[in-house]
Amino acid sequence: MKKTVILILLVLSTKGYSQFAKSMFSKDPIINLENWQKQRLYFGYYLGFNSFDFKFDYKNVVNQDIQVKKTTGFNVGVVADLRLQEYINLRFEPGLYYTKRDLYYPNFTAQNDYLREVNSTYIHFPLLLKFSSLRTGNIRPYLVGGMSTTLNLSSNSKSQDDNSQQKFRVKPWTAAYEIGVGIDFFTEYFIFSPSIRGMFGITDELVRDNDPNSPWTGNIDSMKSRAILINFTFH
């Protein structure tokens, strides 16, 4: 009985994949959702992953940089898409982003001194322009770029403690620019749109320690976030 169920599932999944491939990549595909993107305004949601980093600039030359250990975080949010022109759309993609970075400071021996864990929960507000190519069958590649601002709910910016009490602080609001690519796949019932973007911070987000000569923040001229964002959007 178990073998029969597995066989049926394999047949159904193979058939579903075959139909998907035929509708997407065949020579004369059936055109799905032909008039969908002619709408003035439509909505969607996305799920995805992120990898955040920090870029440090120093006041004085250093022998060893602060090392950043990156982890994979997750994204979830909604999309509002406004059609400006046949190939240009304005997109607003507010979302919740969670990420974690570990900072390793050189020239320290004790773990309480050389390691700072930076957990971040972001509310992300990107305003982007989407430049779509000519649609080919059920596929339409695009470029996307724009500006974003982010609220860090885990900034610790109001804390009186600093790194001397093992408290790493950053500013709550930051700004960045973003650029990326993606593809719209038009299925029978919805648009599936995977994309990858780079996010590059343009504002310094470090809150300095109370001591201006702090070994953790005294020599840092600026600290800006960078990230790779991978989203899977459904309209």
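Biologist: Which residues make up the largest nonpolar core of the chain?

Modeller: In this predicted model, the largest nonpolar core holds twelve residues: F54, F56, I66, L103, Y105, V118, F168, V170, L206, W216, I220 and M223. Both β1 (41-58) and β10 (220-234) supply at least two residues of this core; strands are DSSP runs of E, at least two residues long, numbered from the N terminus.

Biologist: Why is this set called a nonpolar core?

Modeller: The term requires buried Ala, Val, Leu, Ile, Met, Phe, Trp, Tyr and Cys residues joined through side-chain atoms within 4.5 Å, where buried means under 20% relative accessible area with a 1.4 Å probe, protein chains only. The twelve residues form such a set, and therefore the name applies. A second, separate core has nine residues, including Y46, F52, V79 and L229.

Biologist: With which residues is W216 in contact, leaving aside its neighbours within four places in sequence?

Modeller: They are Y105, F108, D113, R116, N163, S164 and D209; contact means heavy atoms within 4.5 Å.

Biologist: What pLDDT does the chain average?

Modeller: The average is 87, and 88% of the residues score at least 70, on the predictor's confidence scale from 0 to 100. Over residues 1-21, however, the pLDDT is below 50, and this stretch has two contacts beyond near neighbours in sequence. Where pLDDT is low, predicted coordinates should not be read in detail.

Biologist: What conventions apply to residue numbers and side-chain values?

Modeller: Residues are numbered from 1 along each chain as its sequence is written, and side-chain values use heavy atoms, without hydrogens and water. Local features need pLDDT of at least 70, side-chain atom pairs count only at pLDDT 80 or more, and totals for chains, interfaces and linings use all residues.

Technical notes:
Buried < 20%, exposed > 50% of the residue type's maximum accessible area, 1.4 Å probe, protein only. Helix = DSSP H or I, 4+ residues; strand = E, 2+ residues; numbered from the N terminus.
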